[in-house]
Amino acid sequence: MSGRLEWMDDALCVETDPEAFLPEQGGPGGRAARAVCRRCAVTEECLRFALVNGFEGIYGGTSTRERRGMARTRAGVAR
Ligand code: SF4
């Protein structure tokens with residue numbers, strides 16, 4: 001992630017394997033990473049940050065594809 005933000009100090013994933021957060025397309029869906037996210041205290045902040053910045057991988061317990069769906073839904077609602 002670029003630009004250090006205060007909430008990142010509480011990111012649980014810094015203590016884990018970063019590769020787990022970048023599952024291959026069609027892979028197991030980042031199950032291990034999602035399990036870490038479920039125990040993380042800053043899931044909402046992380047999800048918002050990933051949505052705004054268009055990151056790929058598991059962030060805030062969601063996959064890239066799930067966030068793209070969220071972004072499309074939000075764009076549709078905003079119209
Ligand atoms: S929600 Fe997941 S990806 Fe985001 S900071 Fe927490 S552990 Fe890391």
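## A tour by selection

Begin with Arg-68, which is partly exposed at 43% relative accessibility; in this scale, buried means under 20% relative accessible area, exposed over 50%, and partly exposed in between, computed with a 1.4 Å probe on protein chains only. The model is predicted, so local features need pLDDT of at least 70 and side-chain atom pairs count only at pLDDT 80 or more, while totals for chains, interfaces and linings use all residues. Residues are numbered from 1 along each chain as its sequence is written, and side-chain values use heavy atoms, with hydrogens and water left out.

Arg-68 lies in helix H3 and Glu-56 in the loop between H2 and H3, so the pair ties together parts that are 12 residues apart in sequence. Glu-56 is partly exposed, at 48% relative accessibility. A salt bridge here is a side-chain nitrogen of Lys or Arg within 4 Å of a carboxyl oxygen of Asp or Glu, and the structure holds 2 of them. For the other pair, select Glu-66 and Arg-34, whose closest N and O atoms are 3.2 Å apart. Because Glu-66 lies in helix H3 and Arg-34 in helix H1, this pair ties together parts that are 32 residues apart in sequence. Glu-66 is partly exposed, with 35% relative accessibility.

**The whole chain.** Now display the chain as a cartoon. How many helices and strands does the protein chain have? There are 3 helices and 0 strands, where helices (H or I, at least four residues) and strands (E, at least two) are DSSP runs numbered from the N terminus. Of the 79 residues, 30% count as buried. Colour the chain by pLDDT, the predictor's confidence in each residue from 0 to 100: the mean is 88, and 87% of the residues reach 70 or more. Confidence is lowest in helix H3 (residues 64–78), at a mean of 85, and highest in H2, at 96.

**Helix H2 and its end.** Select H2, in which Cys-46, Leu-47, Phe-49, Ala-50 and Leu-51 are buried. Gly-54 follows H2 and has a positive phi, near 65°. Gly-54 belongs to the loop between H2 and H3 and is exposed, with a relative accessible area of 53%.

**The nonpolar cores.** Select Trp-7, Met-8, Cys-40, Val-42, Cys-46, Phe-49, Ala-50, Phe-55 and Tyr-59, the 9 residues of the largest nonpolar core. Such a core is a set of buried Ala, Val, Leu, Ile, Met, Phe, Trp, Tyr and Cys residues joined through side-chain atoms within 4.5 Å. Apart from that core lies another, of 5 residues, including Phe-21, Ala-33, Cys-37 and Ile-58.

**The ligand.** Finally, select the residues around the ligand, those with a heavy atom within 4 Å of it; among them are Cys-13, Cys-37, Cys-40 and Cys-46. Helix H1 (31–38) and helix H2 (43–53) each supply at least two residues of this shell. Cys-13 is partly exposed, with a relative accessible area of 28%, whereas Cys-46 is buried, at 10%. With a disulfide taken as a pair of cysteine sulfur atoms within 2.5 Å, the count comes to 0.
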